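Take a look at it before the dialogue starts.

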Amino acid sequence: MTGSDQEPRSSEIWEKVREQLSVEVPKEVYSIKLEPLVFVESRDNVVQLELPAPYSDWSDWVQNTFGKRMLQLWREADDSITELKVVAPSDSGPTAAEAEALEEQRRAAAAKLEQGWVKAVDRARERGRIETKIDAEPVKKQLGKIGAWSRTPYFGPAEMATTMGKTAEDLGYSALWIPGFDGGHIFERCGMALAATSNLTVGTSIVNIWRHEPAEAAQEAKKLRDDSGGRFLLGLGASHKGLVGDAYEKISPLAKMRGYVEDLAAEGLPGEGCVLGAFGPKMLELGATHSAGGHPYLVTAEYTAAARAVLGEGPLLAPEVAVILESDPDKARAIAREFVTLYLRAPNYANNMYRLGYTVEDFTVEGGDISDRLIDALVPWGDPETIAAKVHAHLDAGADHVGVQSWGPKPEVEVWRELAPYLLD
C-alpha cells in the first residue's frame, strides 16, 4: 500500500478505535481525555496520535493508561503496526484562558451526573412515598441488620456452599449473599446453603437476568422458598455489556429489568421474593414498585442516604459493602484499588460515583490510580472497630441491612469471626 493510500485507511481505523473506546471507557473520562485525540500519521509501522492544547498535559497519562489497548484495537485491523505513540504538539502549553476553559469542562462533566441524584432526591421529596403494594417489612425482619457476602459458594467446590452457609449462621450472621455472576449453578449452591441451615436467609447478589429465563428463575426461586420456609431472596441484576455482548445495546437495562420482573410475577413469584441490584434512581424506583426494594453493590454511605431519600421508608434497602481487615493505609488501599478498579471500568459503576460528586480527578490521579478519598469511601478498612463503624454508617444513612464482603489475603471466615463481635451488636 502506498503512502497516499495508507493515510485514508489509517484514518478509518482510528475512527473504529475511537468508537470502541467510547463504549469501553466511562463517558466522562472518554470525553475529556480521549475524545480530543487527533490522528497524525502512520509511518514505519508506528501510529502517532496527538493531544492538542489544552489537553496535552495528559499525553503521558493517556499513553500509559490506554496506549496498549489502543494498539491492540488498531492491530485488529492492521497487524503491521507495532507501536502507538500519544504525543503533545511542541507548542502545546495552554494559555490561561484555555486552562480555565478546560477546568470548567471538567467541573461540568462531574456536575451533570451529580445533578441526576440531586434532582431525583428533590422529586422524591415532592412526590412523597412511592406507591407500592408490596410489604417489605417481613423481608427486612427476615434479613436482619448484617449479613455475610461471599464468592466462595459460587466459585469454590460445591461443598463450600454448605460450609459457608453453616459458618455464617453459627457466627450469628442473619443472611448469606451469593453472587450469580454469568449464570450456571447459582440456584444449586443456594439450595445447599439453605439445606445446611435453619434460620439463615440466602440471597443472590445477583442473578444475571440475561443468563436465566424468567420462567426458570421463578421456578427455582419458588422451590427454594418453599423448601426453606421462605428463607430465599432472589436478587436480580441487569449485568454489563462486557458480559452480555451486543444484545445489551438493543434494550435499556431498565426496560429489560421491568419486563423481567413482570414475567416473574406472571410466573407466580411474589414481589417480596425478589430484590433489584439497583444503582440509579429509576432502577431503585422499579425495585420499590415491583420487588422488595434495592440491593446495590459497591456503594458509599452517601449513596445509601440518597437512595433512601428516593425510596422512602417502605422499600428494602440492602447494600453490599466490601471491607478489608488491614490497618496499614498503604497495604489496605493497594488491596482496595485492585478490587474496585475492575468494577469502576464499567460505566454504570463509574457513573454512580459521578452522580455523587466524585470527579474525573478521582479516577485519573497520577499513575491512573483511583483517589484515596474514593477508595476510602467505597471500601472500609482498618481494625474491626473502625470497619464496624463504617458499616454501621450505612445503617445510620438509611440501610435496612448490609451484606459485608471480606476482601484481601485473610481467609474470609477468619474475618467474619473477628468482625462479628463488633458488627453484630
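The dialogue below takes up strands, salt bridges and surface charge.

Q: What kind of model is this, and how are residues numbered?
A: This is a predicted model, in which local features need pLDDT of at least 70 and side-chain atom pairs count only at pLDDT 80 or more, while totals for chains, interfaces and linings use all residues. Residues are numbered from 1 along each chain as its sequence is written, and side-chain values use heavy atoms, with hydrogens and water left out.

Q: How do I read the two faces of a strand, and are the faces of β12 buried or exposed?
A: In a regular strand, side chains alternate between the two faces of the sheet. Helices (H or I, at least four residues) and strands (E, at least two) are DSSP runs, numbered from the N terminus. Buried means under 20% relative accessible area, exposed means over 50%, and partly exposed lies in between (1.4 Å probe, protein chains only). Strand β12 spans residues 320-323. Glu 320 and Ala 322 are buried on one side, and Val 321 and Val 323 are buried on the other.

Q: Which strand is joined to β12?
A: Two strands pair if DSSP finds at least two bridges between them. Here, β12 and β13 (residues 402-406) run parallel and are joined by 4 bridges. Within β13, Gln 405 is the bridge partner of Ala 322.

Q: Where is Val 47 found?
A: Val 47 is in strand β2 (residues 46-50). Val 47 counts as buried because its relative accessible area is 0%. Its C-alpha atom is 4.7 Å from that of Leu 84, which is 37 residues apart from Val 47 along the chain.

Q: How many salt bridges does the structure hold?
A: Side chains of opposite charge can pair when their charged atoms come close. The cut-off for a salt bridge is a side-chain nitrogen of Lys or Arg within 4 Å of a carboxyl oxygen of Asp or Glu. The structure holds 11 of them.

Q: Which residue forms a salt bridge with Lys 140?
A: Asp 400 does, with the closest N and O atoms 3.7 Å apart. The pair links distant parts of the chain, 260 residues apart. Lys 140 is in helix α5 (residues 137-143), and Asp 400 is in the loop between α18 (384-396) and β13. Lys 140 counts as buried because its relative accessibility is 12%. Asp 400, at 15%, also counts as buried.

Q: What about Asp 227 and Lys 223: are they buried or exposed?
A: Asp 227 is exposed, with a relative accessible area of 57%. Lys 223 is exposed at 53%. Their salt bridge has its closest N and O atoms 2.8 Å apart. Both lie in helix α9, 4 residues apart, about one turn of the helix.

Q: Which salt bridge involves Asp 376?
A: The side chains of Asp 376 and Arg 333 meet at 2.7 Å, N to O. This pair also links distant parts of the chain: Asp 376 is in helix α17 (residues 372-378) and Arg 333 in helix α14 (residues 329-344), 43 residues apart. Asp 376 is partly exposed at 22% relative accessibility, while Arg 333 is buried at 19%.

Q: Which residues are joined into one network by shared partners?
A: Salt bridges that share partners join Glu 137, Lys 140, Arg 308 and Asp 400.
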